[in-house]
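Trainee: I have a model open and want to learn how to read its interface. Can we go through it feature by feature?

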Amino acid sequence: MRYYKLIENDRLIAIGTGYGGIEITEAEYNRLLTEIREKAALVDSLYNGEITIDHVPTEWQEEIQRRVDERIAAEGEAEDQDIPAEEALAIILGGEA
Amino acid sequence: MSVQTQIDRISGAVSAALTALTEKGVTVPAGTKVDDLAALISGIEAGGGSGDGGGLEITSGIVVPSSTTSGKFTFPHGLGRVPTFFAFFPKTDIDKELVYKQSAALGFFHYNGVNISVFTDYDSSSSKGYSKSIYMTDTNLDSYTSNRLIRTVDTTTAMFNGANWVTYIFAGNEYIWFAG
């Protein structure tokens, strides 16, 4: 099985199996998978106030804080909506008024 | 067993192997010897596709986003053409605690111009998500319309875009995909 990583603007975007990206070993794939999941858990914990940024490894603090800020911004945009996006689309396409 | 018998046995096996290679679509030049077998076997196409289109060419894989996103997320499918069939879905059930205030992408299926997008809805009355929505549309996979979770960017790349419904794929979750 072929393993790869996708890099964009010096950031890891994804890992995967199959075609494309930069080929990596299975060991590297598993290492990156673990790291991605650890970071995702830290983002959730920081967002939920369960930890502070000081609990995040120093080398990850900038990334984790940025992702939490992005999540807050995204949810703030969602809360501004008066109706769900699906309903808005239905209205635009000529569904229910 | 005599030496001649052994020679006849091995010769027959090589002939049978060369015949099998021909049936697999590999060109076997006249006078091919056993020394050439390894190189000819390497010429067998993965998936068993034949020149008359009798084989079904499918590419597949797993992709794991590094960040949770409802925006554009591209990944390679490598089919070499716009797929007639495409499927994309999480390998395991999405942890309900991960579901954001909008929705989680649960799957996308396309066949011959028909698209089915499946995602969860956020239920404001219970403050939790997880009722499912299914949205069907009939556009080609490479169309630029946004009313489906996946479209193809080119002949080797697909793109998830959950912005239309603000539906997410989650960091660290494995998503299986098939293209054919």
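Trainee: Which residue forms a salt bridge with A:Arg37?

Mentor: Start with the rule. A salt bridge is a side-chain nitrogen of Lys or Arg within 4 Å of a carboxyl oxygen of Asp or Glu. Here B:Glu174 is the partner of A:Arg37, with the closest N and O atoms 3.8 Å apart. Across the interface of chain A and chain B, the rule finds one salt bridge. Over all chains, the count comes to ten.

Mentor: Some ground rules. This is a predicted model, where local features need pLDDT of at least 70, side-chain atom pairs count only at pLDDT 80 or more, and totals for chains, interfaces and linings use all residues. Residues are numbered from 1 along each chain as its sequence is written, chains are lettered from A in the order in which they are written, and side-chain values use heavy atoms, leaving out hydrogens and water.

Trainee: What does a salt bridge within chain A look like, say at A:Glu35?

Mentor: A:Glu35 pairs with A:Arg31, the closest N and O atoms being 3.2 Å apart. Both lie in helix α1 of chain A, four residues apart, about one turn of the helix. Helices (H or I, at least four residues) and strands (E, at least two) are DSSP runs, numbered from the N terminus.

Trainee: Which strand of chain B pairs with β2(A)?

Mentor: Two strands pair if DSSP finds at least two bridges between them. β2(A) pairs with strand β1 (residues 59–65) of chain B, antiparallel, over three bridges. Look at A:Gly16: its bridge partner in β1(B) is B:Val63.

Trainee: Which elements of chain B have the highest and lowest mean pLDDT?

Mentor: pLDDT is the predictor's confidence in each residue, from 0 to 100. Among the elements of chain B, β1(B) has the highest mean (97), and helix α2 (residues 37–41) the lowest (65). Over residues 47–53 of chain B, pLDDT is below 50; beyond near neighbours in sequence, this stretch has four contacts in the model. The mean for chain B is 80, and 73% of its residues reach 70 or more.

Trainee: What are the ipTM and pTM of the model?

Mentor: The ipTM is 0.78 and the pTM 0.72.

Definitions and conventions: Contact means heavy atoms within 4.5 Å.
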